[in-house]
Amino acid sequence: MRSNSLLIPLAAALLLVVTGCEKVITLDLQTSPAQVVIEANLVDDGYGRVSLSRSVNYTETNTFPPVVGAVVTLTDDAGGRETLRETSPGQYAGVTLKGVPGRTYTLRVETGGTAYVALSTLPVVVPFENLASEVNPFGADDGLRAVVQYTDPAGRANSYLFRQYRNGRLNKAIFLQNDKYTDGKPVSEPLRNQGGLAGTGGGPPPDPIDKLGSGDTLTVEMQNVDAGVYEYFRTLNQILDANPAFSVTPTNPKTTISGGALGYFSAHSSRTRRLILP
């Protein structure tokens, strides 16, 4: 997901109309030094995968240079340790240290004389019990929406990130849930972009390509994520949903990584269900 490495763009100039004359006022916009962007995931019973790149300013093209030759290590609180191998420019993969629910993992990235460190605890797995669909309440023209069903474990905070696919194509919207009001209860909830729904003042309309309809194959991945990862995607969602007209300063989501890098490290469980929509 490359969008989480972008700075929010600013308007480059203001057009002022006074007594029939036009005057262009150029804003003094400061560029920012490139920052390392880390997108790291460790799935239960799977291996570490890390993508390293560098951010670019709003004046540049959306081409994010890969960070090559970094030393990327992953350790756990049970004494496990692995140095990930660079499989292609900026892409690093593990082959020995697996994700285990309940363990805390430390990711360390060393590049350019700087070390970036992040911790993530892989939550206990919450089973993905069922996937259903319902008519979008905003009208028949809005198609269908996914409904996820699971039972939240009682007595501990749980956070969830969902990824939705229509006929194999990833919906770029960020779907989040937590158990603030559902601790220990059965959950049957439609997937909503946390920042808001189209038509309610909560963000731009969805991409028509993502609209769900009869006969589509709906695939949903349910990730149990820790609190830091949830907060990263929650703040990212707010930024992506914001009306650019009201953005006055560049901003980035709340990172889980120390050392000045952008991005996240997520140790999480992953369960997937598929449904052919009626």
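Visitor: In β17, which residue is the bridge partner of Q164?

Guide: That is V220; bear in mind that we are looking at a predicted model.

Visitor: What makes β13 and β17 a pair?

Guide: Pairing asks for at least two bridges between two strands. Strand β17 (residues 217-225) is joined to β13 by 8 bridges, so the two count as paired, and they run antiparallel.

Visitor: What about β14?

Guide: Strand β14 (residues 169-170) has 2 bridges to β13, in the antiparallel sense. Since the rule says at least two, β14 qualifies as a partner. Here R166 faces R169. The hairpin of β13 and β14 has 2 residues between the strands, and N167 takes a positive phi near 50 degrees.

Visitor: Why is β13 called largely enclosed?

Guide: Because 6 of the 8 residues in β13 (residues 159-166) are buried, where buried means under 20% relative accessible area.

Visitor: Over in β10, why is A115 called partly exposed?

Guide: Its relative accessible area is 29%. Buried would need under 20% and exposed over 50%, so A115 falls in between.

Visitor: Which residues does A115 touch beyond its neighbours within four places in sequence?

Guide: A115 is in contact with R108, V109, E110, S258 and G259.

Notes
Residues are numbered from 1 along each chain as its sequence is written. This is a predicted model: local features need pLDDT of at least 70, side-chain atom pairs count only at pLDDT 80 or more; totals for chains, interfaces and linings use all residues. Side-chain values use heavy atoms; hydrogens and water are left out. Buried means under 20% relative accessible area, exposed over 50%, partly exposed in between (1.4 Å probe, protein chains only). Helices (H or I, at least four residues) and strands (E, at least two) are DSSP runs, numbered from the N terminus. Contact means heavy atoms within 4.5 Å.
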